[in-house]
Amino acid sequence: MGYDLTPQGLHDLAEGAAVLGTGGGGDPYIGRLLVEKEMAAGRTVHIIGADELPDGALVLPSSMMGAPTVFVEKLPSGDGNAAAFRALEEHLGRTAHAVMPTECGGLNSMIPLMLAAQLGLPVVDADGMGRAFPELQMQTFGVLGVSGSPMAIASDHGDTAIITAGDNKRMEQLARALTIQMGGASYISDYPMDTADVRRTSVHGTLTLCRRIGETLREARVTHADPFDALTKMLAGTIYSLGTVLFQGKVVDVERRTVDGFARGRARLEATGDPGDVLEITFQNEHLVARRNGTMVAIVPDLICTLNTESGAPIPTESLAYGQRLTVYGISTPPIMRTPEALACFGPAGFGLPDAYVPLEDL
Amino acid sequence: MRIGIDVGGTHTDAVLLDPAMNVVATIKTATTADVTRGVVTALTDLLDSHNLDRGQVTAVMIGTTHFTNALVTRRRLARTGVVRLALPATAALPPTSDWPAELIAAIRPSVHLCHGGHEVDGRPISPLDPDELKRAAADLAAHDITTVAISSVFSPVTAEAELTAADLLRAELPHLRVSLSHQIGRIRLLERESATIVNACLLDLADEIVDAFTGALTAVGVRAPLFLSQNDGTLMDAEYTRRYPVRTFASGPTNSMRGAAFLADVTDAAVVDIGGTTADVGVLTGGYPRQASTDVDIAGVRTNFRMPDVVSVGLGGGSRVTLDPGLRIGPDSVGYRLTEEALVFGGGTLTATDLAVAAGLADLGDPALVSRVDRDLVRRGVAWMADRVAGLVDQMRLSAEPLPVVIVGGGSILMPPELPGVPEVRIPEHYGVANAIGAAIGQIGGEVDRLFVTGPQLTREDVLDQARAEAIELAVSAGAAPASVQVVHVDEIHVNYLPGNAVRVIVRAVGDLDLGRTPKEAPQWATT
């Protein structure tokens, strides 16, 4: 069941993670370099299923927090995630059995791989959203009753802090304040869980799914197959079940503004060959809702991915630019993300959208 | 009178423009291994063709591929030191982390990770450590390294650490040549730092090439100032080129596009540059090439240079025509052997040029030699090429509104007078030397690209006004005539996840070169 990640598998996983980043989550490029460095030093990334964890084991997630635009400039020190991980172990007085991601979309898909290789621990093939979200409370773990805190946060200097908060939203606010003091980027371990919690509250198999998405796109490129057909076929047999082309066209307008520390905005696309046919995507770091000629065609937490029409390569929100030819691709989110409690946390209401959630399959 | 020269891999083209910017003369010569001699030949032929007094030349602008080629072939690159100011941050990914092994072997960088750098909000990450920098200087000296690239985290926000470190290193090694990352690139440390290292390792070659060019001018008796084309369509002077050779990268496509805009008298159009092997398609917006938004890979190094957004396909005058399994033209090309291998020149290879001659689009070689090529094949072949180019133009279009198309380059003869879905096709006079024209009409620019934090003290409008004013000032101090300067580009990119409205603002201003002012002052020909 468990397997060692190959260099090719890492490339594929990084590209799949950018697809599931739905425009946000940060470019996994830096993260991939970090993992490659560990592999080049002879360390391995061993991925195991949640069902392979021994009963009662402690699992600690690991990720980076802050602005992806800071990560690409102030590159990681390399030991910050280990510092946070060890600080949380020490606080709990327990030794962790494995590392896991909280967010398999974007850069944070890579961080647990790096840490697992550094520590010689396995990394669990599961996360808390099967995509990317901007805030720490937006996790299936919390929705299903796991407390995000105590959490540990570390800076490049090796400074650490433990946060214990009464609810996960307040934990997010406190950690955000510390992250700003740490220069806009920090290293965290939150949502400490035991085996039973991991199995009960996580989205399973998402690292492998990322890898398979990347692999599917790569193979489509090599064989000159349609990348979107290939993706749809591949997703049909997974927990995501439905992947579908929502729109193909050209970016004709991008509007960005900053509200409450988030990049909010809209992108408008016109259909190839029919300027009257318009798709509009609203985003807050990640893509939230897509409307075609005013009619909703996909909404969070279903995934709205912007992919290069020729290659299928994912295009992040901050790279959206006039004239790009994009395919907007919708992916249905797994059932664990669609319960009323989950939707209250990270559905349309969680982002202040007036729309009611309608599953991608019903649109 | 001004002279534009394009020094390409095979040809050196030169054009002469009068003060009213009319094309007075053009010339095409072969590029020589001896840089000076090729330019001397081109200049002499051009001036003598019109018996022109050398004193009438007011400026010479050169576009060159020398520096790009040096990196691609990994030759003539100086051994370079790299000092990064960042510890304890960034230690996981030292400089050249993502470089190909062959290029690292060619430059053999001596890498020093040091304390310093700043946070996004301008606070220091850690103070500079003079002793640490002295040790780095001693190590450079021990290895006879005379050039160094210095990078510092968030130096595009505050350059202080790079400047102080440069002073400290120069105090130890007075002859050290220094490239500072904040003067080379934008936010994204690895990419900016890589470009700075590439620049540093080209500094010796830059001296040699600039000396060769100025030597050629002297040999011909031209005393006018020399300028080189940058990749954004603006010019830099000879002294600036000695310090920033990397800015010449990809100036070729930019020059051909701007030359096309000038020759066809358009500001918004798709430009198709067809050579012997490839066709490049780019888009002009307001007279300038649209810039690529993705990272540009040069010789395997990821950089974030300002580069024109160009798509290339293997279709040119020398492209081979194949019929099995179906009709296809290119990407194989007979290249410079066109005049031996093409049917119209008595050769045995059916090329794109043969189809154009057979279709009556061009008069080249001996048309009788293609008179027996199947007429249906000729018709289908010409349509195939037109469709291919029209498809690329469509791919590059900004909006649903069709764009006029300007075709330049020696391979322009392949194109019929009309392209499917294109409202207007122009093949301007002097289409073969658009590149040299582009060099001749280069402008002077100033660019601001920085992170600002807006708030009650500093509103978004304040920030934009400040950035606009700085860009205009930079353009003027770089030599642009003040009245001609205009802001051509404004872009804001918000920094995600951070409260306090951190925003990256990019403003670019350009203007016409103020030739009257050049000799008197010695301004910094700079874009930041």
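In chain A, helix 9 (residues 206-222) packs against helix 10 (residues 227-236) at an angle of about 145°, and the two axes are 9 Å apart. The structure described here is a predicted model. The crossing of helix 9 of chain A over helix 10 of chain A is right-handed. On the helix 9 side of chain A, the residues that meet helix 10 are A:Arg212, A:Ile213, A:Thr216, A:Leu217, A:Ala220 and A:Arg221. Their counterparts in helix 10 of chain A are A:Pro227, A:Ala230, A:Leu231 and A:Met234. Sorted by class, this contact between helix 9 and helix 10 of chain A holds 7 nonpolar, 1 polar and 2 charged residues.

**Domains of chain A**

Chain A is divided into two parts, with domain 1 covering residues 3-204 and domain 2 covering residues 226-362. Taken over C-alpha atoms, the centres of domain 1 and domain 2 of chain A are separated by 25 Å. Domain 1 of chain A gives 21 residues to the contact, and domain 2 of chain A gives 23 residues. On the side of domain 1 of chain A that touches domain 2, helix 1 (7-20) and helix 6 (140-143) of chain A each supply at least two residues. Helix 1 of chain A provides the largest share of that side, with 4 residues. The class composition of the side of domain 1 of chain A that touches domain 2 of chain A is 10 nonpolar, 8 polar and 3 charged residues.

**Overall form of chain B**

The secondary structure of chain B consists of 14 helices and 23 strands. Chain B has a radius of gyration of 25 Å, close to the 24 Å given by the globule rule for 528 residues, so chain B is as compact as a globular protein of that length. The C-alpha trace of chain B spans about 80 × 55 × 50 Å along its principal axes. Of the 528 residues in chain B, 54% are buried. Among the contacts in chain B with a separation of 6 or more, 68% join residues 24 or more positions apart.

**Backbone geometry in chain B**

Most residues other than glycine have a negative phi, and most peptide bonds are trans. The sites in the table are set out against that background.

| Site | Feature | Value |
|---|---|---|
| B:Asp324 to B:Pro325 | cis peptide bond | omega about 5° |
| B:Gly330 to B:Pro331 | cis peptide bond | omega near 0° |
| B:Asn51 | positive phi | phi near 50° |
| B:Arg76 | positive phi | phi about 60° |

The cis bond between B:Asp324 and B:Pro325 places its proline in the loop between strand 17 (319-322) and strand 18 (328-333) of chain B. B:Pro331, joined to B:Gly330 by a cis peptide bond, lies in strand 18 of chain B.

B:Asn51 is found in the loop between helix 1 (35-49) and strand 4 (59-64) of chain B. B:Asn51 has 6 other C-beta atoms within 10 Å and is therefore exposed, the limit for that class being 12 or fewer. B:Arg76 belongs to the loop between helix 2 (66-73) and strand 5 (80-87) of chain B. With 17 other C-beta atoms within 10 Å, B:Arg76 is partly exposed.

Definitions and conventions:
Residues are numbered from 1 along each chain as its sequence is written. Chains are lettered from A and ligands numbered from 1 in the order in which they are written. This is a predicted model: local features need pLDDT of at least 70, side-chain atom pairs count only at pLDDT 80 or more; totals for chains, interfaces and linings use all residues. Domain bounds come from an automatic or database domain assignment. Two residues are in contact if their C-beta atoms, placed from the backbone, lie within 7 Å. Ala, Val, Leu, Ile, Met, Phe, Trp, Tyr, Cys and Pro count as nonpolar, Asp, Glu, Lys and Arg as charged, and the others, Gly among them, as polar. The radius of gyration is taken over C-alpha atoms; the globule rule is 2.2 Å times the number of residues to the power 0.38. A residue is buried if 20 or more other C-beta atoms lie within 10 Å of its own, exposed if 12 or fewer, and partly exposed in between; C-beta atoms are placed from the backbone. Axes are lines fitted to C-alpha atoms, for helices over the stretch in contact, and angles run from 0 to 180 degrees between N-to-C directions. A crossing is left-handed if the near helix is turned anticlockwise from the far one by less than a right angle, and right-handed if clockwise.
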